[in-house]
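The following exercises concern a model of two protein chains and are to be worked with the sequence and structure in view. Each task is followed by a solution in steps.

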There are 2 protein chains.
Amino acid sequence: MEYNTDFLLNRRTIRKYTQEEVDNDLLNDLIKAGCRASTTGNMQVYSIIVTRDAGMKKELLPHHFNQKMITEAPVILTFCADFNRFNKWCILNNALPGYDNFLSFMTASIDAIIAAQTICMAAEAKGLGICYLGTTTYMAQKIIEVLKLPKGVVPVTTITLGWPAERPEQPDRLPADAIVHKEVYSDYSDSDIVKYYSQKESRDDSLQFIQENNKTTLAQVFTDVRYKKDDNIYFSKTLLQVLKDQGFMNQ
Amino acid sequence: MEYNTDFLLNRRTIRKYTQEEVDNDLLNDLIKAGCRASTTGNMQVYSIIVTRDAGMKKELLPHHFNQKMITEAPVILTFCADFNRFNKWCILNNALPGYDNFLSFMTASIDAIIAAQTICMAAEAKGLGICYLGTTTYMAQKIIEVLKLPKGVVPVTTITLGWPAERPEQPDRLPADAIVHKEVYSDYSDSDIVKYYSQKESRDDSLQFIQENNKTTLAQVFTDVRYKKDDNIYFSKTLLQVLKDQGFMNQ
């Protein structure tokens with residue numbers, strides 16, 4: 001049997017939600033689908049923290065840079081790399097866990113993201129809207145405090161979930177040729193780059209971005225405004241410290 | 001409109017494939033769906049290497065621990081965290097990229113996994129079967145050589161893709177209650193662990209695993225045979241070295 005997957009092509013990220021709740025049974029169905037996705041060695045080394053409480057949303061808000069989806073969406077899901085549960089199972093069963101290292105963090109992060117994306121797609125198939133928040137890795141230390149995550153647990157991404165109150169234009173994507181390499185990586189010449197990014201650069205919203213930010217190129221909006229080197233360096237240091245504090249750097 | 005997503009619940013990982021090819025148009029459709037998924041700041045900082053050539057599969061084989069899906073599946077997809085393309089675009093546009101750090105690696109890895117899982121689900125909806133290979137992070141250094149990945153590019157996961165030649169039993173999953181936490185993380189008591197893992201431990205295949213490996217508990221099969229501390233430490237060191245070599249540790 002084949003299934004219609006047009007929802008994968010027609011999707012857009014949703015940042016505005018109606019007041020309508022996301023029913024608990026529906027949320028449980030989405031999570032069930034997420035838990036059926038691939039997971040390393042069937043270890044399921046991830047956890048999902050569900051935030052519905054207004055007070056908790058308010059506590060999370062500054063750590064997600066005050067993006068208003070946090071308080072406006074009915075449900076926030078924080079996906080965590082989690083070896084804590086598995087370690088406890090090992091210890092209870094006379095087995096010595098060796099998962100306090102960087103490889104295990106990557107394994108658990110991949111498990112967490114696979115579950116997150118499966119839940120996002122299951123949600124979108126039901127008409128819900130989602131938005132990923134990259135702030136989770138920037139502010140992991142603060143989110144750990146708010147969500148009371150123990151050692152062995154690191155938040156890796158967050159999604160806001162609710163019924164769409166907007167239908168924004170679909171953003172551009174690079175042509176598939178820019179993303180796909182056949183057999184070996186074919187590195188990009190200057191003219192490849194010009195070709196692949198020309199559509200993005202010529203869009204009205206890109207030109208508006210450049211103007212609003214007083215820049216001369218779209219790339220400068222990324223490097224000088226949205227994803228700055230100094231911020232990246234600062235958040236890299238704090239994230240590596242989080243991995244150490246949460247017990248994933250003992251190699 | 002609502003879409004039927006039963007394929008998410010009915011799925012199983014497929015390790016045996018028929019001889020039938022995966023049509024190029026079909027593969028392109030799957031990749032198109034993958035590229036429509038969420039990506040940080042719409043930067044699309046990932047690349048996909050498509051392996052169809054028998055010689056290339058043979059080169060990859062030992063680095064995936066000789067798992068025979070590599071040579072038996074018609075298509076291998078290696079998903080890479082990739083800031084190389086974006087960096088080149090920045091430099092061409094008088095913008096100074098600051099993405100040679102650990103945070104940027106995590107950002108790009110998350111982008112890559114989201115694309116991978118979207119393609120997996122699109123594939124399964126069309127009746128194809130997939131298998132994730134965790135060996136990619138273990139053996140990243142060797143895979144970089146085979147696939148000729150430049151600086152700024154790190155492979156994070158691999159999937160084998162083809163038409164199923166098997167329909168294995170669905171493996172167990174932990175109850176959703178074991179994975180989900182409401183508002184804050186509720187840490188596990190010994191009796192929680194016993195409760196959540198009892199079904200897994202009592203399965204016939206688990207008991208067989210224990211016996212085959214001469215162990216006394218299922219957890220020991222994981223710690224002493226499948227995911228050993230010494231291996232994890234060794235692969236953690238090599239993976240961190242890869243991040244350094246590929247230019248992601250300048251913080």
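**Exercise 1: Contacts between the chains**

Lys88(B) forms a salt bridge with Asp187(A), the closest N and O atoms lying 3.0 Å apart; a salt bridge here is a side-chain nitrogen of Lys or Arg within 4 Å of a carboxyl oxygen of Asp or Glu. This is a predicted model, in which local features need pLDDT of at least 70 and side-chain atom pairs count only at pLDDT 80 or more, while totals for chains, interfaces and linings use all residues. Residues are numbered from 1 along each chain as its sequence is written, chains are lettered from A in the order in which they are written, and side-chain values use heavy atoms, with hydrogens and water left out.

Task: Describe the interface of chain A and chain B.

Solution. 
1. Count the residues: 118 of chain A are in contact with 119 of chain B, contact meaning heavy atoms within 4.5 Å.
2. Find the area: the two chains bury about 10800 Å² between them, 63% of it on carbon and sulfur atoms. Buried area is the accessible area (1.4 Å probe) that two parts lose on being put together, summed over both.
3. Identify the leading residues: in chain A, Arg36(A), Trp89(A) and Glu183(A) lose the most area to chain B, together 8% of what that side buries.
4. Count the salt bridges: the rule finds four across the interface.
5. Locate the main element: helix α6 (residues 102-125) of chain A gives the largest share of the side that touches chain B, 14 residues. Helices (H or I, at least four residues) and strands (E, at least two) are DSSP runs, numbered from the N terminus.

**Exercise 2: Pairing across chains**

Task: In which sense do β5 of chain A and β1 of chain B pair, parallel or antiparallel?

Solution. 
1. Strand β5 (residues 180-182) of chain A pairs with β1 (residues 46-51) of chain B in the parallel sense, over three bridges.
2. His181(A) has Ile49(B) as its bridge partner.

How values were computed:
Pairing = 2+ DSSP bridges.
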